[in-house]
Protein chains: 2
Amino acid sequence: MASKWPELRINSERLLKDFEQLAEIGATVGGGVSRLALSNEDLAARSWFADRVEEAGLKVRDDEVGNLSGLLPAADPAAKTLMIGSHLDTVPNGGRYDGAIGVLIALECLRRINEAGIKPRCCLEAINFTDEEGTWKSLFGSNGVIGKISAADIDDALQENMPFRAALYRAGIMMEEAQNARRDPQSILGYLEVHIEQGKTLHDKGLDLGIVDRIVGRTTYNVVFYGEAAHAGTTTADERRDALQGAAAFIISAHKLVRANYPEGVVNCGHVSVKPESFNVVPAEASLRVEFRHPDTETLKEMESRLARLARDCAVDHRLRVSTERALHRAAERMSGYLVKQIECACRAEAVKCMPIASYSGHNAQIMNQMVPAGMIFLPSVGGLSHNPREFTEWRHVELGANVLLRTILQLTM
Amino acid sequence: MASKWPELRINSERLLKDFEQLAEIGATVGGGVSRLALSNEDLAARSWFADRVEEAGLKVRDDEVGNLSGLLPAADPAAKTLMIGSHLDTVPNGGRYDGAIGVLIALECLRRINEAGIKPRCCLEAINFTDEEGTWKSLFGSNGVIGKISAADIDDALQENMPFRAALYRAGIMMEEAQNARRDPQSILGYLEVHIEQGKTLHDKGLDLGIVDRIVGRTTYNVVFYGEAAHAGTTTADERRDALQGAAAFIISAHKLVRANYPEGVVNCGHVSVKPESFNVVPAEASLRVEFRHPDTETLKEMESRLARLARDCAVDHRLRVSTERALHRAAERMSGYLVKQIECACRAEAVKCMPIASYSGHNAQIMNQMVPAGMIFLPSVGGLSHNPREFTEWRHVELGANVLLRTILQLTM
């Protein structure tokens, strides 16, 4: 058998057919896809996926947080499981590749191994995780698998949680049982994921694949500057305590600070509002949402304290008060060095041009990595476009990624 | 008779009683007043004012845009009219002085002249103008008097005008007849107004009164920066076309530009919003409302072109497009030099400390000045507070302002 599998390749035509069929579920006018988590379209995609799993002679599995898998069992029922997957849900009018391609490639690898009559030492599981994009709760499914989702996460006393609960209920997910989705770490060999890069590094460098070695940590802050409402005409420049001037200075300085000191970091300010929001009143309040990312957790912490200090400095400069409140935080993750090496080895065997790369977006692999060794393969995104109907990856790169994944699986489980 | 009137003074106690009674109409918990134009409270204040006019033996007059006056007719029915007034409406939870004090002082002057048995050569009219504050349409009443309000201003085909039309109808104002509110300029001698400064120049300088020689012009722009929505994590600083960074740079630079080059000018940015307003998406659009004022019309135009150029420069610096659209414009006004001299003369006679001052807020006097000579007296605002329940003017300054106005009226009409 060992002499047989090095020649094994995925069935590219079958994978392409799957890709095209799936892209029709929730297809939008501009060539994009809307399959918001737990929507009719998402449920239709799951059902389509379950049909493909059965058609391939694999076993369908689902869990208490709605994750849906195809299983290729090992001969030994006590064997560990190698999980491979991504997500079928999308952002509104997103692209066809983000998430979907990873689930389809995982399925294709299992199908190929199964039809080649190979009996791996581990159980193989191709998994679709629920709500990666955060329509309701970002990375819901993978957090369920590592035991971080429980009924308490969706307080049913809160009016705002009603639609989420209704959507879960409709999809057959009972929050009372969510904790049972937790898997025993001892039962899992590791996790592998293929995903598009969503940036343009690989495409610009003319590479075939990226091997993710780090996933950025991310911290989000609510920053509110407080000044004093005043008449826009009769209040002199010296008298003004204009909250928006403080906020504008902070936006500019925060970008300068990160650019000058953190070449691997990024910062974004995607939300701003003022009160009382009248064109002839000096703003009394200016609220920002600031998000920053870095692939190194310690450096992320340093960015956090410098940005908070910067906010205070901008407030003082404009005679304002400022409040800063951490809204979200996800630590940076170093992917399993062992799996990085295994993927590198597969890349060499397949003669693909690759490089180690940091991921600047969050992924299920980042969550799985908190519990078991996780590895990730990036496909080049043309022009870096993502969350956009024009998202595109050349098919030859999809094929290379799938074959590198197949080889990695076989290396790990034969 | 000429020997009699130089001793004439207003009845300060009666004026104070009026002031306190009026402040109860629409009084708010924090000591402020809410008498939004055409609201029940505004209509109650008009009714109260009409009662005071009749009580004083003056004639009640109203017109087709809801302005309400007390008249002291001249012996000669063909005589011109000297109009004196301000407004009884307020902003939500505004102060007790803004507008109201000017109407009450005008009424008190007419009452005092009437009870002294003085027969002026001109008809005297104490007028309350409709909706100065712009609850519906800023300076509605005075624009009606100069013939700038017609049925076409409130297009009844537009759904958004429905509440305004309903409020007008309820107050007995028929837009079809609004044009008839226009007065013949030949019939008006001039217009005088007493108002609080709403800034703190007079108070800080320890002066009793200000004689308004100019009212600022005001231009409002909608400025929209256009960039490109992109993933907040995977898009590098160099790749970003962040509309909010352009807008923030413009806000900071606009304030610097005006401060450095236009000591008599002010700029305000009181509204900002971004699209798609997601904390993890680079803003594709940032919209600002920018308002700037200057007491000189030519300089205001120069500010306009420099700020527009600045917006283009900020767009280029951040690789954005920008659109600038003039939303509102009101030219600066030079008040009547003759009336300024008459008020100065009255100030000297009353031994009050005064100075010429530019008004940085809009007033009915600015509108009336487009048709007839207009003059304006400012009372010091303690701390410059306005549109605020804590708005306050010392009563001795109210009294001085009223007596200077009375003397000015007598100078002009005896």
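**Reading sheet, helix and chain contacts in a predicted model**

Modeller: Chain B holds an open sheet of four strands in the order 9-11-7-12, paired antiparallel. Strands (E, at least two residues) and helices (H or I, at least four) are DSSP runs numbered from the N terminus, and two strands pair if DSSP finds at least two bridges between them. This is a predicted model, in which local features need pLDDT of at least 70 and side-chain atom pairs count only at pLDDT 80 or more, while totals for chains, interfaces and linings use all residues. Residues are numbered from 1 along each chain as its sequence is written, with chains lettered from A and ligands numbered from 1 in the order in which they are written.

Colleague: Which strands of chain B stand at the edges?

Modeller: Strand 9 (266–275) and strand 12 (321–330) of chain B do; each has a single partner strand, so one side of each lacks a neighbour in the sheet. From one strand to the next the twist averages 15°.

Colleague: How many bridges join strand 7 and strand 12 of chain B?

Modeller: Strand 7 (residues 217–226) of chain B pairs with strand 12 of chain B over nine bridges, in the antiparallel sense. Within strand 12 of chain B, B:Leu328 is the residue opposite B:Thr220.

Colleague: What is the angle between helix 9 and helix 11 of chain A?

Modeller: Axes are lines fitted to C-alpha atoms, for helices over the stretch in contact, and angles run from 0 to 180 degrees between N-to-C directions. Angles under 35 degrees count as roughly parallel, over 145 as roughly antiparallel, 65 to 115 as roughly perpendicular and the rest as oblique. Helix 9 (residues 337–350) and helix 11 (residues 395–413) of chain A pack at about 120°, with axes 9 Å apart; the two helices are therefore oblique to each other.

Colleague: Which residues meet there?

Modeller: Contact requires C-beta atoms, placed from the backbone, within 7 Å. Helix 9 of chain A contributes residues including A:Gln342, A:Ile343 and A:Cys345, and helix 11 of chain A contributes residues including A:Leu400, A:Asn403 and A:Val404.

Colleague: How many residues does the contact of chain A with chain B take from each?

Modeller: Chain A gives 41 residues and chain B gives 41 residues. Elements of chain A giving two or more residues to that side are helix 7 (243–261), strand 9 (266–275), strand 10 (281–282) and strand 11 (285–294).

Colleague: Where are the domains of chain A?

Modeller: Domain bounds come from an automatic or database domain assignment. For chain A that assignment gives domain 1 (5–215 + 332–413) and domain 2 (217–330). Their centres, taken over C-alpha atoms, are 36 Å apart.

Definitions and conventions
Contact = placed C-beta atoms within 7 Å.
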